[in-house]
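Work through the following exercises with the sequence and the coordinates side by side. Each task is followed by a solution in steps.

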Amino acid sequence: RKLTAVGNCSIILQFILLRSSVEPSCAFLLPLQFIWPHAMSHPTTVLAKTLLDQAFMAPLGIALFFQVMSMLEGHSWQAAWKSTKEKWKPTVMANYVLWPAANIVNFAFVPPSQRILYCNVVYVFWASFLSAMASKKHQPVDQAKYNQALAHKEL
């Protein structure tokens with residue numbers, strides 16, 4: 001099949017859209033990634049935007065990440081939702097440990113011209129953690145073993 005310039009652009013656009021759907025928060029929040037760090041300078045602004053980010057954007061982005069990743073792996077909507085519910089809470093808790101501390105360091109010590117680079121370096125480790133969480137398989141609890149262990153601890 002011979003591709004034209006429009007066909008090549010279409011394939012490239014499809015690849016970019018598919019690639020960005022793997023990390024949904026990047027696709028939806030890409031403009032904020034470049035504006036957000038520079039827009040924060042006053043301590044009150046930093047605190048307010050960090051709280052907004054942690055309260056709304058992080059939990060939603062994490063849920064979208066797990067849902068889309070699971071569906072891209074071929075799971076049904078229901079199976080993806082089940083997986084998302086299992087992985088969401090521990091991931092959000094890890095997010096609440098990492099990103100507020102990273103933001104404090106970023107806005108207290110990193111010069112404005114280097115803030116995006118700093119966030120991207122931290123994000124490399126965060127993306128590795130997300131990948132590890134996404135690849136975890138659900139291990140159902142053996143209720144009999146659980147009850148036995150619980151009874152043993154009560155003695």
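**Exercise 1.** Which residues make up the largest nonpolar core?

*Solution.* The model is a predicted one, in which local features need pLDDT of at least 70 and side-chain atom pairs count only at pLDDT 80 or more, while totals for chains, interfaces and linings use all residues. Residues are numbered from 1 along each chain as its sequence is written, and side-chain values use heavy atoms, with hydrogens and water left out.

Begin with the criterion: a nonpolar core is a set of buried Ala, Val, Leu, Ile, Met, Phe, Trp, Tyr and Cys residues joined through side-chain atoms within 4.5 Å, where buried means under 20% relative accessible area (1.4 Å probe, protein chains only). The largest such set has twelve residues, namely I62, F65, F66, M69, V92, W99, A102, V122, W126, L130, M133 and A134. Next, assign them to helices (DSSP runs of H or I, at least four residues, numbered from the N terminus): α3 (43-72), α4 (77-109) and α5 (115-135) each supply at least two residues of this core. The largest share, five residues, comes from α5.

**Exercise 2.** Determine how the rings of F65 and F66 are arranged, and state whether these residues are buried or exposed.

*Solution.* Rings of Phe, Tyr and Trp (its six-membered ring) pair if their centres lie within 6.5 Å, and planes under 30 degrees apart count as stacked, over 60 as edge-to-face and the rest as tilted. By this rule there are two aromatic pairs. For F65 and F66, the centres are 5.4 Å apart and the planes stand at 65°, so this pair is edge-to-face. Turning to accessibility, F65 counts as buried at 7%, and F66 is likewise buried, with a relative accessible area of 2%.

**Exercise 3.** Find which residues Q67 touches, leaving out those up to four places away in sequence.

*Solution.* With contact taken as heavy atoms within 4.5 Å, Q67 touches W77, A80, W81 and T84.

**Exercise 4.** How many helices and how many strands does the protein chain have, and what percentage of its residues is buried?

*Solution.* The protein chain has six helices and zero strands, which gives the pattern α-α-α-α-α-α along the sequence. Of its 155 residues, 26% are buried.

Terms used:
Buried means under 20% relative accessible area, exposed over 50%, partly exposed in between (1.4 Å probe, protein chains only).
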